[in-house]
Amino acid sequence: MTSSVTIQLQIGNAIPPGNEDETQEIIELWQQANAFFTNMEFTAQGRLNGSAHSYRVSLDAGELIAAMEKARGQSGSFSRQQLAHVEDPDKPIKAGLSVTISAEGHTTAEEESYQVATIFIQQMVLAVNLVRPGAIQLLDTRFAGQGAHKYEAQNYASGLFYGALKASQEYQWPPLKKLSLEEVWAWLENTESSRKDTAIKSINEVLFTLLKVAENRHEYSSRMAMLIMYQLEKILDCRQVNSQSDVYHRTALILEHCPHPDGWLSELQDARNNLFMASVPVHRPPLICHTTENALRKQFGQHHSAVESGTAVVLALLHDLIGHGAQRYKFSETMDRE
């Protein structure tokens with residue numbers, strides 16, 4: 001006996017940033033995703049602190065793709081559609097998608113379905129941002145349908161990952177690889193990140209932190225710098241008080257020499273250290289609107305360029321691991337006497 005439940009997600013702000021070429025790339029990626037996630041085996045926890053079980057998962061992103069195509073048709077690009085929506089709310093940026101969960105041998109309970117769907121969406125957020133940073137935006141979200149009022153949907157922003165992509169292009173470093181959705185999803189499955197709610201392996205600590213980074217909207221404060229620095233130190237296996245030198249040299253060893261100054265790394269570490277020393281400014285949570293990002297860039301204690309460059313390095317290191325079918329780096333010291 002097979003039972004299935006469809007979870008509907010309504011997205012109030014589903015259009016990520018992108019120029020004309022990037023808009024086309026993102027639409028094509030979502031078309032691939034819509035075909036790829038069809039009756040796919042997916043192992044996940046059916047409840048918090050519970051054991052993992054095998055499910056079948058299907059994605060229906062048809063409404064989202066239609067909204068993206070309409071945005072391109074109306075404004076030429078996603079970024080122009082975002083600006084047009086400020087002046088004309090009839091220029092839509094909302095959409096929806098659904099996830100169907102099937103289980104063999106038992107009836108899928110309501111909470112179990114929402115739990116598995118949420119984990120699948122999290123895994124999809126990771127996968128899409130690894131394939132094409134900034135191509136997924138799930139803001140102002142809510143579940144719809146019977147019983148949906150009992151569960152709170154999660155929000156994920158595209159801005160930081162898009163900024164990381166732009167930083168990589170501007171500095172022509174770090175190199176971000178072109179990876180397929182199939183390759184990235186298979187690697188994520190091998191990490192078993194969907195099977196535990198507490199990360200045990202270092203790679204899953206990085207991936208769970210990457211989800212926390214994706215929840216951020218505009219504020220690139222010392223806390224965000226700390227999360228980026230934490231990911232770098234975990235990936236590069238150098239968690240100690242003064243890790244800047246090790247992070248820099250190990251990054252250069254993997255991604256080749258950095259062609260521009262490592263000021264972003266110094267800024268990240270200084271922000272992290274100042275946070276621990278309680279010597280950073282504490283700001284009121286800001287009003288979220290279309291002018292917030294520009295206003296925050298002028299606010300003392302923000303670290304936009306460092307956080308974006310640092311995120312680009314995290315993505316590049318993950319790309320390198322995926323490309324080599326690996327989950328961690330192992331560094332060893334050698335010595336010669338002459």
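R195 touches T43, Q45 and A52, with residues up to four places away in sequence left out. A contact here means heavy atoms within 4.5 Å. R195 and Q45 are 150 residues apart in sequence, and their C-alpha atoms are 5.6 Å apart in space. R195 is found in the loop between α6 and α7. Its relative accessible area is 31%, so R195 is partly exposed. The cut-offs are these: buried is under 20% relative accessible area, exposed is over 50%, and partly exposed lies in between, with a 1.4 Å probe and protein chains only.

This is a predicted model, in which local features need pLDDT of at least 70, side-chain atom pairs count only at pLDDT 80 or more, and totals for chains, interfaces and linings use all residues. Residues are numbered from 1 along each chain as its sequence is written, and side-chain values use heavy atoms, with hydrogens and water left out.

Now the whole chain. It has 12 helices and five strands. Both are DSSP runs numbered from the N terminus: helices are H or I with at least four residues, strands are E with at least two. The C-alpha atoms fill a box of roughly 70 × 50 × 40 Å along the principal axes. With 338 residues, a compact globule would have a radius of gyration near 20 Å; the chain has 21 Å, which agrees. That radius is taken over C-alpha atoms, and the globule rule is 2.2 Å times the number of residues to the power 0.38.

Buried residues make up 51% of the 338 residues. The chain exposes about 16600 Å², and carbon and sulfur atoms supply 48% of this area. Accessible areas come from the Shrake-Rupley method with a 1.4 Å probe; for residues, only the protein chains shown count as cover. Take the contacts between residues at least 6 apart in sequence: 74% of them join residues at least 24 apart.

The chain has 29 positive and 40 negative charges, and their mean positions are 3 Å apart. Lys and Arg count as positive, Asp and Glu as negative; His and the chain ends are not counted. Each charge is placed at NZ of Lys, CZ of Arg, CG of Asp or CD of Glu.

Next, the helices. Helix α4 covers residues 110–131. At 1.5 Å a residue, its 22 residues should span 32 Å; the end C-alpha atoms are 31 Å apart, which agrees. The expected span is 1.5 Å times one less than the number of residues. In α4, 19 of the 22 residues are buried, so the helix is largely enclosed by the rest of the structure.

L232 lies in helix α8, residues 222–235. At 0% relative accessibility, L232 counts as buried. Beyond its neighbours within four places in sequence, L232 is in contact with V247, W264, L268, G310, V313, V314 and L317.

N34 sits in helix α1, residues 20–36. N34 is partly exposed, at 22% relative accessible area. Its contacts, not counting residues up to four places away in sequence, are L59, D60, A61, G62 and I65. N34 and V86 are 52 residues apart in sequence, with 29 Å between their C-alpha atoms.

N204 is in helix α7, residues 202–214. N204 is buried, with a relative accessible area of 5%. Leaving aside neighbours within four places in sequence, N204 is in contact with T191, E192, S193 and A199.

E192 itself is in the loop between α6 and α7. E192 is partly exposed, at 39%. Its phi is near 60°, a positive value in a residue other than glycine. Most residues other than glycine have a negative phi, and most peptide bonds are trans. N49 also has a positive phi, about 65°, although it is not a glycine. N49 is in the loop between β2 (40–45) and β3 (52–60). With a relative accessible area of 63%, N49 is exposed.

One more loop remains, between α5 (159–171) and α6 (181–191), and P174 is placed there. A cis peptide bond joins W173 and P174, with omega about 0°. Q172 lies in the loop between α5 and α6 too. Q172 counts as exposed, at 70% relative accessibility. Q172 and C258 are 86 residues apart along the chain, and their C-alpha atoms are separated by 9.6 Å.
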